[in-house]
Amino acid sequence: MTQKLSSHQFNILIVTFVLISFMLGCNEFMVVGNLSLIAGTYHESLSQVS
C-alpha cells in the first residue's frame, strides 16, 4: 500500500530532514565550545578531553 506524497507533504519532509541534519551537525560545535569546562571538571588536559 504505497501512498503518493503531495507537494505539501514532500516539502514538510524535506524541511524536517534539513532541520534534523542541522541539529546533528551543531551538536559537535556545542561540545567544542564547552571543552574547557569539561576538562576542568575532570581535571584533565584539553587535548585528552577532546
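The protein chain contains three helices and zero strands. The radius of gyration of the protein chain is 19 Å, well over the 10 Å that the globule rule gives for 50 residues, so the chain is more spread out than a compact globule. The model is predicted.

**Overall form**
- Read along the sequence, the protein chain shows the pattern α-α-α.
- The C-alpha trace of the protein chain spans about 55 × 20 × 15 Å along its principal axes.

**Burial and surface**
- Of the 50 residues in the protein chain, 4% count as buried.

- Ile14 belongs to helix α1, which covers residues 7-33.
- With a relative accessible area of 39%, Ile14 is partly exposed, because that value lies between the limits of 20% for buried and 50% for exposed residues.
- Together with Leu5, Phe10, Leu13, Phe17 and Val18, Ile14 makes a nonpolar surface patch of about 590 Å².

- Gln48 is part of helix α3, formed by residues 46-49.
- The relative accessible area of Gln48 is 57%, so this residue is exposed, the cut-off being over 50%.
- Gln48 and Ser6 are 42 residues apart along the chain, and their C-alpha atoms are separated by 50 Å.

Methods
Residues are numbered from 1 along each chain as its sequence is written. This is a predicted model: local features need pLDDT of at least 70, side-chain atom pairs count only at pLDDT 80 or more; totals for chains, interfaces and linings use all residues. Side-chain values use heavy atoms; hydrogens and water are left out. Helices (H or I, at least four residues) and strands (E, at least two) are DSSP runs, numbered from the N terminus. The radius of gyration is taken over C-alpha atoms; the globule rule is 2.2 Å times the number of residues to the power 0.38. Buried means under 20% relative accessible area, exposed over 50%, partly exposed in between (1.4 Å probe, protein chains only). Patches are made of residues with over 30% relative accessible area and no salt bridge: like charges are joined within 9 Å, nonpolar side chains (Val, Leu, Ile, Met, Phe, Trp, Tyr) within 5 Å. Accessible areas come from the Shrake-Rupley method with a 1.4 Å probe; for residues, only the protein chains shown count as cover. A salt bridge is a side-chain nitrogen of Lys or Arg within 4 Å of a carboxyl oxygen of Asp or Glu.
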